[in-house]
Amino acid sequence: MALILGIESSCDETAAAVIDSNGTTLTARIVAQRIASQDEAHRPYGGVVPEIAARAHVEVLAPMIEAVLGDAGMSLGDMDAIAATAGPGLIGGVMVGLVTGKALAMAADKPLIAVNHLEGHALSPRLADPALHYPYLLLLVSGGHCQILEVAGVGQYRRLATTIDDALGEAFDKTAKILGLGYPGGPAVERMAREGDARAVRLPRPLVGSGEVHFSFAGLKSAVMRAKDAGVHADADIAASFQQAAIDCVIDRTRIALGAASAGMTALVVAGGVAANAALRGSLETLAGSHGLPLVAPPPKLCTDNAAMIGWAGAERFALGYVDALDVVARPRWPLDDNAAPVRGAGVKA
Ligand code: KG4
Ligand code: ZN
């Protein structure tokens, strides 16, 4: 048995959680968790402002950790390890969480585990579903990332696809901005899409049918902008048509990845903020079924950024004896697969 304190601060959510993991079977439960969203602080700017995010983490994180330990009825001394996100993300925020984790580890004489935020997303489905075994094919779709990876075990990732321009969540957020839906946009676009006709606006499906393995959403975003500017379509129809076009792209690329993946994948798994989208989950379920695989998706609350997934990744690492020294660095970029070849056009989202 291991009790892990998880800390997350890489973007615009400050979060802390206590995870109780059974060291042998690695079933776990979330003893307590808290999340403070900074949506209000960033809303006037239509996106996350790094400086505002970092300052908000400084303000909120320490009292939140105290509160979450209180919720759990535990103290720092009860923890077996401290797991903090060490990247990738907005470096100011990452440093706040990581340095807090180091200070707590030092003060309580506990091991520190520096967690890759993407590994948190990648392993989070195993927290929700203990029956999910390695290896699995993972579609990781969030605000900053859009990748398909083979997950063979903790720290064992092979990237099959990434985006050459925007991430999927970014495409949702930009569409929301074009439609005046505010930030964060994904949930608002999904809500509005339910009221619209997905066939009403003709939008491109970049690269669909080309056999290309990587994602591209920039052309779709430009087409959404032109559709809005034309002034002839209802916003709900634009939202529904965008969502369908984006999903068609994801399904096309995921189908290619299923064909290219190593033998023995136990499931198709979707994680990251956009995995909260019900329409996407529905289409992926059909695709997985046609390949004889189950679709595993964490509950929506575990899809968007949270500290339970960081505590869980920490628990998996701790069970294997992977701990980090106190001089571990914060990393703004930290790919899960170091061996993945660079992709033309792919910048910070690789
Ligand atoms: O994983 P996450 O919370 O943060 C990152 O690590 O990026 O993902 C946030 C992203 C945002 O782009 C947000 O608009 C998107 O996930 N998102 C959604 C939905 N819920 C969140 N996109 C589409 N439909 C949703 N229901
Ligand atoms: Zn995330």
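In the predicted model, ligand 1 sits in the largest pocket. Two or more residues of the shell around ligand 1 come from each of helix H4 (117-128), helix H5 (168-178) and helix H6 (186-193). Domain 1 (3-125 + 301-334) and domain 2 (134-297) each supply at least three residues to this shell. The ligand is surrounded by 19 residues, of which Gly143, Asp173, Gly186, Glu190 and Asp305 are the closest. Sorted by class, the shell holds 11 polar, 5 nonpolar and 3 charged residues.

Polar atoms of the protein approach ligand 1 at several positions, including the following. A nitrogen atom of the ligand is 2.8 Å from a polar side-chain atom of Glu190. Oxygen atoms of ligand 1 take part in two further pairs: one lies 3.2 Å from a polar side-chain atom of His121, and one lies 3.2 Å from a polar backbone atom of Gly169. On its own, ligand 1 has 560 Å² of accessible area, and the protein covers 90% of this.

Backbone geometry was also examined. Most peptide bonds are trans, and most residues other than glycine have a negative phi. A cis peptide bond links Gly87 to Pro88, with omega at about -15°; Pro88 belongs to the loop between strand S4 (81-87) and helix H3 (91-108). Another cis peptide bond, with omega of about -5°, joins Tyr134 and Pro135, and Pro135 is placed in the loop between H4 and strand S6 (136-141). Asp109, a residue other than glycine, has a positive phi near 55°. The position of Asp109 is in the loop that runs between H3 and strand S5 (112-116).

Key:
Residues numbered from 1 in each chain as written. Chains lettered and ligands numbered in written order. Predicted model: local features only at pLDDT ≥ 70, side-chain atom pairs only at ≥ 80, totals over all residues. Heavy atoms only, no water. Near = heavy atom within 4 Å. Polar contact = N/O pair within 3.5 Å; in protein donor to acceptor, adjacent residues only side chain to side chain. Areas by Shrake-Rupley, 256 points an atom, 1.4 Å probe, with all protein chains shown as cover. 1 Å grid on protein atoms, 1.4 Å probe; cavity = no way out; pocket = protein on both sides within 12 Å on 5 of 7 lines; lining within 4 Å. Sits in = over half its atoms within 2 Å of the grid points. Helix = DSSP H or I, 4+ residues; strand = E, 2+ residues; numbered from the N terminus. Nonpolar A, V, L, I, M, F, W, Y, C, P; charged D, E, K, R; others polar. Domains from an automatic or database assignment.
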